[in-house]
Amino acid sequence: MTTIDTPVDDYFRSHLPNQTEAGGRKWLYPKATSGRYTNWRMVVSWVLLACLFAGPMIWVDGHPLFLFNVLERRFIFFGVTFWPQDFYLVAIGLITFIVFVVLFTVVFGRVFCGWACPQTIFMEMVFRKIEGWIEGDFRARQRLDAAPWTPDKMVKKTAKHSVFFLISFLISNTFLAYLIGRDQLLAIVTDSPANHTVGLFAILIFTGVFYLVFARLREIVCTTICPYGRLQGVMLDKNSLTVAYDFIRGEPRGKKVRGGEGTGARGLGVNAPLQTLYPEPQTPRPTPKGDCIDCNLCVQVCPTGIDIRNGIQLECINCTACMDACDEVMDKIDRPRGLIRIDSLNNIEQSIPFRVSGRIMAYSAVLLALLGLIGYLLASRQPLDLTVLRAPGQLYQRGEGQLISNLYSLEVINKTYKPMQLAIHASRADAKLRFVQPLGTLEPGTLTKVMFFIDLPERTITQNSTPLTLDVATNGDVLNNIETTFLGPVK
C-alpha cells in the first residue's frame, strides 16, 4: 500500500518567530548592529525623540503648539485650535492620514514602523541600549537570564528595571502633558500629591502601561497588537519597495573563501548559452554557490526574530538592521553590498525597476483631493462659531407698547488667540435686541453663553414664524450672518 505525504506549510509560516516548540514565548536577544543605516536611524530617532518631549512644552503666543485635551474637547494642532464644532475637520484629517499611510505603505512598505514609530524608537534606541549597557551584549544577556539568581544578577536586574520604570514615568508625564497641557502637569508635579490624586493616578497608570510594553511585551506589540502590521499584507504588491533578500543572487547558500566566486546564477550570467556556462555538458560540475554564506547574522540582529531570507513577512518592520549586518559580511568576503536591500520583488525576480503604477496614482489623486479640501476648509474657517437657539419651552411674550418678545440663547466660541468685542443687531430696523447680561469681551479660546430678547412691534408681524437675520460684527466688519425665526401672534 502506497502512502502519500500530506504537504505542510513552511515552518516560519505556521510558527511565530518568538514561539517555542511547545507554544510558549521565546525571549529574543537581538544583536546590536552598526553601519550606515543604523547611524541614520539613530539620527532620525534622536530628532524625533527631541520633538516628542519638546512638543507639549513649546508655546506660541500664549498657547501650546500641540494639545489633545479630550476632557475639555479642545485640540490644538500646530497652534490651530479645534473645538467640537470642528469635528468634521478632524474626521477629514483622519481619513487623509489613513490614505497617506496606505499610499506610503504601497510604495515603501513598513518603513514607518522601523524608522519613525515611537514603539520602535523607544525600544531599540533607548530601552535596548540601556539593557546592553547594564547586562552586556546579546550573548551576555542570554547567559544572565539562564543563570541562577546571584547577587550580581539581582543588582543588574534591579538596576535595569529601575531605570526602565523611571524612563516610563518620564514618558507618561510627557504624554499626559499632551492631554492636559504643560501648566496643569507642572501643577500636579510641584503641588502636593493629595491635591491631585486623579492626575497622579493617571500618571501611574500610564507609567505601568509603558513599563509593561518595553520591559515585557516588546516585539509582541509590533507582531500581534498593532493592526498596521497585519494590514500591510493587503497593501503591498510586487512593486512595493521593502527590505528584501535577493534570493537569485544569494542562493544556493554556502561557505566561501575571500575573493571566491559568487553571486549565484547572476554571477555566471543567467542568460548565457549553456555551452558558455558549461563548456563540457557531459562532465558534471558542482552547483555554484550564491553570495549568502548562511552566517545567520541577519536573523541574530532582527528585533522581531524573523529570517528575512524567507521572504516578506508581516513581522518585518523594515528597520534595515539586517541590511547593515549583511553589508558588513559582504565587505569581508569581497562581494558587492546589497544582498539584502530595499527593493521590489519585481526587480529581484525580473529586473523590472520601480515604476509608478495605476494604484499609486489613484491613491495619490485621492490624497491630493483630500489635502485640497482640508486646505479650503481651513482657509474658509470662521474665527467665531455662533449658535442661536430660541429658549426651550418659550413661545412669545407681550410687552409694553404692543411689543412682542422672543427669548434666545447665544453660544459664541472665540477660535482666535485675540480678545474680541462683538456687536450683534438684527437686519430689520424695527427689531431690537435686549441682552439679559452684557455680552462683554470674548476671551481667546473660550466659550461664552448669554441670553437676549428680540422685540418686534405686533403690527409688523404677519405670520406665526417670521424669519430674521442677525448680523455679527467686530470693529465694524460683519463676520457672520445667523438665520433664525421669530414667533408671534397673527390677527
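**Salt bridges and helix packing in the predicted model**

Arg-335 and Asp-291 are both buried, a term denoting under 20% relative accessible area, with exposed meaning over 50% and partly exposed in between, for a 1.4 Å probe and protein chains only. The structure is a predicted model, in which local features need pLDDT of at least 70 and side-chain atom pairs count only at pLDDT 80 or more, while totals for chains, interfaces and linings use all residues. Residues are numbered from 1 along each chain as its sequence is written, and side-chain values use heavy atoms, with hydrogens and water left out.

A salt bridge joins Arg-335 to Asp-291, with the closest N and O atoms 3.4 Å apart; the term requires a side-chain nitrogen of Lys or Arg within 4 Å of a carboxyl oxygen of Asp or Glu. This pair links distant parts of the chain, 44 residues apart: Arg-335 belongs to the loop between helix 16 (321-332) and strand 7 (340-343), and Asp-291 to the loop between helix 14 and helix 15. Helices (H or I, at least four residues) and strands (E, at least two) are DSSP runs numbered from the N terminus.

Asp-291 also forms a salt bridge with Arg-249, where the closest N and O atoms are 2.6 Å apart. Because Arg-249 lies in helix 12 (residues 247-250) and Asp-291 in the loop between helix 14 (274-277) and helix 15 (297-300), the pair ties together parts that are 42 residues apart in sequence. Arg-249, like Asp-291, is buried.

Across the whole structure, 29 salt bridges are found. Among them, Arg-341 pairs with Asp-343 at 2.8 Å between the closest N and O atoms, and Asp-343 counts as buried at 7% relative accessibility. A network of salt bridges links Glu-131, Glu-135, Arg-141, Asp-145, Lys-157, Lys-160 and Arg-218.

Helix packing was examined for helix 2 (residues 36-54) and helix 5 (residues 118-135), whose axes come within 10 Å and cross at roughly 105°. Axes are lines fitted to C-alpha atoms, for helices over the stretch in contact, and angles run from 0 to 180 degrees between N-to-C directions. Helix 2 is therefore roughly perpendicular to helix 5, the class for angles of 65 to 115 degrees (under 35 is roughly parallel, over 145 roughly antiparallel, and the rest oblique).

The unreviewed UniProt entry lists "transmembrane region" at residues including 193-214 and 360-379; such annotations may be inferred rather than shown by experiment. Residues 360-379 are 100% helix and 0% strand, with end C-alpha atoms 28 Å apart.
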